[in-house]
Each structure stands twice: as structure tokens, then as C-alpha cells.
Amino acid sequence: LQHYFIQSNLSYMIQSLNWLDDEEVEFEKTCTKGLLTAEDIEKLRFDESLCEKDRALLIFSDGQESQKISLANNLPNLLRGEPEAIPELLPKFVEMVDATTSTDLLIACGKCVKTLSSTDILPDDQLSAHIIPLIWTHLSTHEAEVESTWLDALVTYIDTAAEEQITKTNMIKMVLAKGNLSQKTSSRIACSQLITALCLKLDMAQVESEICPTIKMLCQDIDYDVRSAMCRQLVDLSKPFGVENTVKLILPEIHELLQDEEVQVRNTAITVLVDICPSLTKEVIGQSIASTVWSYMDQAVSDKPTMALVTIAKLIGRIGLHLNEVMDDTRKSWYAKYFIQLCKTHQYTNGSSNENGLSASQTFLDITLESIERRDTDVQESIAFLCAYNIPAVCYNIGSKLVLEEGLLDVFTTLSCHYHSSVRQTLAAGLHETAKILGGDCKLLIPVYKTLLEDTALKVQTALVYNLIPLLTALAVAPPKGSAPTVGLPHLVTCLLNHEERMRTTRDWRAYTFLLDSWAGFTKIMTPEQIYENFAPRLIKQLAANAMLPVKRAILKTLISYVYKCKYINQRQDLMNQIVKGLSRGKKFGQRLMFVELCHLVLEKFSKRFFKEHCFTPALLLINDPIPIVRIKSSGLLPRLKTQLKMPSDRPMLQQLEACSRRCLMSERDKDVLYYIQQAVMELDNGDVKLDSEPDIDDKKREEEQNKFLVKEDRFQDVKIRPSLPDISSLDLTNKRSRKSSLAS
């Protein structure tokens, strides 16, 4: 039979190989071309007796590219450990960089130079003599990725260098020279970033006299990419400039860029104008910014959906936040109506489009204006996406009263039925924030929430999972402090159960596990009857049916939370009995293993009285399980069982525990199980049993904590332990499990 299976597997593998086409086979052959030969490996070897400095010098001159990259990555550590080698190693490093054309090596060297510029490894004279000229040499002579790395190195040097060092190296003149119109576009764009770093280091008088003319020149450059790049730097420039200089020097340039013929520049300018508001006073915002923003918004919405309208949709939340102080009730009403009109830009129908506009994995930050410009459908879908993202901010800016008066709730209904799942996902991800803002009026969002709960898209269902408890907490009727919920959310119970069923059938077990963990928070939201009749039975059923260990552990923790915070003692007893019975007597050994984890949870959370009532006897019976791994796991419980007993009241339990351990030692035949039982018995013999007269402060505290959740009429009831326990010592262990089947398994 074994030979037959081997032959079948070989036949299947041969058939699979026959399915490969010629291109796939050729690709497999090329995978070995990058392997090193013996000759290549020999070139990588060096004399082990060489010191670090000599080895570095050898690599700089005759090393392979991979060795040079590795040395460039570790050069700062080498120079820090051997500062006396700097005069000899640094010139060789510069020679190597000047001689190479490898992109990977140039990027690694650029990162190395950035580290050397930002630390005190090199003295100022070495930086001025070697590093700064090296940076200027490679700043504008390579492809974009290399230039970006070396530009970061120069910006880092300017940020960390003293003002005297900047003046000494003639840095200002060299930076301003890169902004000349004769320089190429990438150099002028780099100049805008370097100017920002310089302005943070120099005094305002020098900035105004030497640098501001170049800033104005770059803002009026013939290339719109340069104008956009310089405009983006104006936000950072406003911080060292101060309010007065910002109004005098920066705002005029932004207002002029808002009239630019290129839409990309205008969009950058309006973004900068909104982002610069936190650096300005209320008076300046009201006089110089607010009217400009309102005019730009009106102009953008008057035309057909374009990039300008997408930019407004992206900024609509920030506009209301930064300009809120200068907005009266009339302006807020206009702001709300504008947002509603923005949300209705697209025809929300299910038949005319598909979901190819935005990928399923795309998020708000992934949307770029360049990609949106490609098709009108992309613009419309992106506007809806950004409106769904900004809904919480808009509601926060105008307040709950205007949300109701202006009919903004209709926007929620419209977006919740949008044909594109990314829009619905974004709305679902921020719904809990909107519910907090609306306060007592958030119950009006329940129909929207029910619609999203019934959504068939996986990413919409997943978005609802991670903010489930904050949203339900806001939607539920808040009970008085210390009391149980009296109403709960009866109209959402069925939807929440259906939501769990949909998540269970997906492959995203992490999100499903998070959902089940979140269900533990239902004790503060739902009524005890809702939990006991609806959610607890569903979890108990899934505890036996689900095969994934993280899911079962999440279910078990949530069920223990339900038991711990149960309001009525009869529900607590019944729920715990169902859990113990379902796990300790389960047909699958995995269920019985979960009972061991249940015992550990109960030992940590509940009192000794509660554990002895529900888990002591099933735990003893589990040591006779037919599966070896179950006996191994349950043997670890034996010492902890003894710590739950007190003498003389628990003498029968102690006798049964000792009899069970002795009988297992004598009858166990599996050597692995026997080893663990011997270890448990040794620990059991060394353990002490407390007396009834000894105070147990920790146990008393746990018992008070578990009983404080009970209603007053049940809180002080004396829960009696089961009067009789089965005599385990009289059980026929050989009949309880089959030794032959155990050894075979």
C-alpha cells in the first residue's frame, strides 16, 4: 500500500511538470545564473590576519561591489572605533565614490555620508575638506534615487552644522547658485529644499536680504514642477519667519501661485494656504486667508469634477478645522451645504461602473492627484472616497445641531450604498468617530450601521470589526455608573450575529479573532439577557466547531468574561456548567485540551470556591484521557489543584487528588507522559496546603471582585459546593482508556 501511494505521488509530480510551458521552464533555468562560481568566491577572500583598517583599504581599491557596499554601511562604526585611521581611510573612500557608477553603491555611500554628517565622528576640517565637496559632486549627476539620497545627506549636514560652519564652507552661495535658471530642473527643485534648511539656521535679516529673492524667483520659475516644489516648502518656512514676516513675504507668493495657469500648482498653493493657518493669528486668517479659501472652493465646484475639486475634497476637513474660529453660523451652514453638494458630485448608481477605479488595498494616503486625473470616473470615485474619509471632521467642525438641520445624515445613507466598496469601507472605518461627535443624536446612525453590517464586501466587514466596541458604546443607551444596561441594542442583535457569521466564513482569521475578543465588551453594552440568550450560545457552539487555535482561545476568553461579569447567579452557574461540560467531555481531544486552558483562566480570575465547584472534578478525570498529549497537559494542573484546597474542609478532595496521582504513576505506560506525571507528583509532594484558619487575602479579594457584578439579591448568596464527588480512586482506569490504542496513536 505504501509503495502504491509513492508511485501515485510520483505520477502526479510528473504530470505537474508536463503542465509547465516553455517560458516557465526557461525562467527556472535562468535562476541559477546569479550563483557565484568558485572563482568569484575566491575573489571575496582576504587574509584573516589583516586589521580592520588594512582590510578596508584593500576593499576600497580592489574589492568587489558587494564588499564595498557592506564597507560603506559599516564605515561610520569603523571610524568611530578607530579615529586615528580617518586621515588614511577618508581619502580612499572619496576616491572609491568618485570612481564608481553603480547605483546601489552610490546610494549606500550617500547614506554613509548622511550618518557621518549628522554625528561627531569626523572633525569639522575633515567634513569641509572631503565630505562637503563629495556631496556637491554627486548631488546632480545621477538618477533621481541617487540624487535624493545625497540631497538628504546635505540637508542633514545643514541641520546639524553650526552657523559659523555654514558660513565658513560658503554654503549659502553654493545653495543659491543651484536655483539659477541656467541649472537643470532637478537642481532648482533641490535648491528649494536646501533653502528651507538654511532658513532654519540663519537670522531673519540675513534670510530676508540674501535668500528671499531666490525664494521669489523659484516661485516664479518657468517650470511648474519647480514652482510646486518651492510652494510646498513655504509651510516649513512660515515657522521661523513668524507671523509678521509670513504675512509680508510668504502670503503674497501663495496668493500669486493660486492664479497659476497649471492646476497642479494651484492645488499645491491651496493646500499650503490651509496648512499654514496654525502658524498665524485669528485676525490674519480672517483678513487674508478665509475669503481666498471660500472663493477657491466656489470656483472649484462650479466646473465639472476636476483635480481642483478632488483637492478640495481632500482638504475639506482641514479647512473647517483651521478656519473654524472665523466661521460664524451662516458660514458653517454654507460649509455644510457645500460638503453635501460635494458628496453628490457623482451619480451613486450600481449599474454604470465597476470597482476598477481604486484597488481594494488602496487607502486615503495612496491616492495621488496624478492618478486621479486619468479618467473622470476616477475623479468622481475619489471625491466620494475623500468625502467619506472627511465626514467625521466635517461633523466636528459644524456641530451636531447643524448636522441634523442641514440634512447631513442623508449623506451617510447615500455613501453607505455607494457601489464602490472602498467608499463604504472608509465610511465604516470612521463611523465610530461620527457617533461620538453626535452624542445623543447618534442613534440616527443605526440604519446606516445596519446597512454596513449587512454589506457583502469583506473589507467593509473588516473595517467594522476594529471599531466595534467604541461605536456600539456610543449607540447604546448609557446606563448610570455602576449599573447594568437596561435597554441595550435589541434591534442590532441579529445584525451583529449575522456579521459574526460572515466574518467566520472568510479567510481573515485575525480579524475574526479580533471580533471575538471585542465581544467581551458587550457586558457594558448589552443586557444580561441578550448576552445569555444570543451571544453566549453562539460562542459555545463555535468553541466546539472551530478548528483554529487562536479563534478558540479568543472565544474562551470572551466566555470567561461573560461568566465573570454575569449579573445573575443562576445564569453564571448555567453558563459555566455548559462550558465545562462541552470541553471536558468533548469528543475531540482538542476540546479537552481547551479545558486545560479554561482551568488556567479560572485559576487566575476566580476564587478557589468557584474553581472547586466547577473545575476540580473534571480536571481530575482528565488525567485518565486516552490521548497522551491531553494527559501531559492535564498533569501540569495537579500541583495547582492542591493550592486550591484548605484543611480540614477539603480533606476528601485532597485524598482523591493524591489517590489519582498515585494510580496514574502505577498504571501509566507511555514514557513521555510518565515523565511529566513524575515531575507533577514531585511538585505536588513539595506543596503545602493552607488551613481553614489561615487568612487568604488574595482569594478573598478575587471572590469580592467576582461577586460585585451580581445584582444585590444574588450577591450575598452562599453558593454551596457540590455535596458529593465521585470516588476517583475506585475508577477502573484500564477501562477508562485503551492502552493499546493510546500507544498506537
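This report describes selected local features of a predicted model.

## Cysteines

A search of the whole structure finds 0 disulfides. A disulfide requires the two sulfur atoms to be within 2.5 Å. Cysteine 387 itself is buried, at 0% relative accessibility.

Cysteine 599 has cysteine 615 as the source of its closest cysteine sulfur, at 4.7 Å, and this separation is likewise too far for a bond. Cysteine 599 is also buried, with a relative accessible area of 0%.

## Helix H14

Helix H14 covers residues 224–257. A straight helix of 34 residues would span 50 Å, yet the end C-alpha atoms of H14 are only 10 Å apart. Within H14 there is a kink of about 125°, centred on glycine 242.

The N-terminal end of H14 is capped by aspartate 223. In this cap, a side-chain oxygen of aspartate 223 lies 2.9 Å from the backbone nitrogen of aspartate 225.

## Two buried helical residues

Arginine 592 is located in helix H31, which comprises residues 589–605. At 10% relative accessibility, arginine 592 counts as buried. Leaving aside residues up to four places away in sequence, arginine 592 touches Leu583, Ser584, Gly586 and Lys587, together with Leu622, Asp625, Pro626, Ile627 and Val630.

Valine 460 belongs to helix H24, residues 458–465. Its relative accessible area is 0%, and valine 460 is accordingly classed as buried. Although valine 460 and alanine 428 are 32 residues apart along the chain, their C-alpha atoms are separated by 6.6 Å. Alanine 428 is also among the residues that valine 460 touches; the others, not counting residues up to four places away in sequence, are Ser421, Arg424, Gln425, Leu452 and Asp455.

## Aromatic pairs

A pair of aromatic rings is described by the distance of the centres and the angle of the planes. The whole structure contains 11 aromatic pairs. One of them joins tryptophan 334 and tyrosine 338 in a tilted arrangement, with 5.3 Å centre to centre and 35° between the planes. Both residues lie in helix H18 (residues 329–343), and because they are 4 residues apart there, about one helical turn separates them. Tryptophan 334 is partly exposed, at 23% relative accessibility, whereas tyrosine 338 is buried, with a relative accessible area of 3%.

Tyrosine 466 and phenylalanine 514 form another aromatic pair that is tilted, with a centre-to-centre distance of 4.8 Å and an angle of 45° between the planes. This pair links distant parts of the chain, its members being 48 residues apart. Tyrosine 466 sits in the loop between H24 and helix H25 (468–475), while phenylalanine 514 lies in helix H27 (residues 509–518). Tyrosine 466 counts as partly exposed, at 41% relative accessibility, and phenylalanine 514 is partly exposed at 35%.

## Aromatic cluster

Four aromatic residues, Tyr564, Phe606, Phe610 and Phe709, form one aromatic cluster.

Definitions and conventions: Residues numbered from 1 in each chain as written. Predicted model: local features only at pLDDT ≥ 70, side-chain atom pairs only at ≥ 80, totals over all residues. Heavy atoms only, no water. Buried < 20%, exposed > 50% of the residue type's maximum accessible area, 1.4 Å probe, protein only. Contact = heavy atoms within 4.5 Å. Expected span 1.5 Å × (residues − 1). Bend = angle between axes of the 7 residues up to and from the residue. Polar contact = N/O pair within 3.5 Å; in protein donor to acceptor, adjacent residues only side chain to side chain. Phe/Tyr/Trp six-rings, centres within 6.5 Å; stacked < 30°, edge-to-face > 60°.
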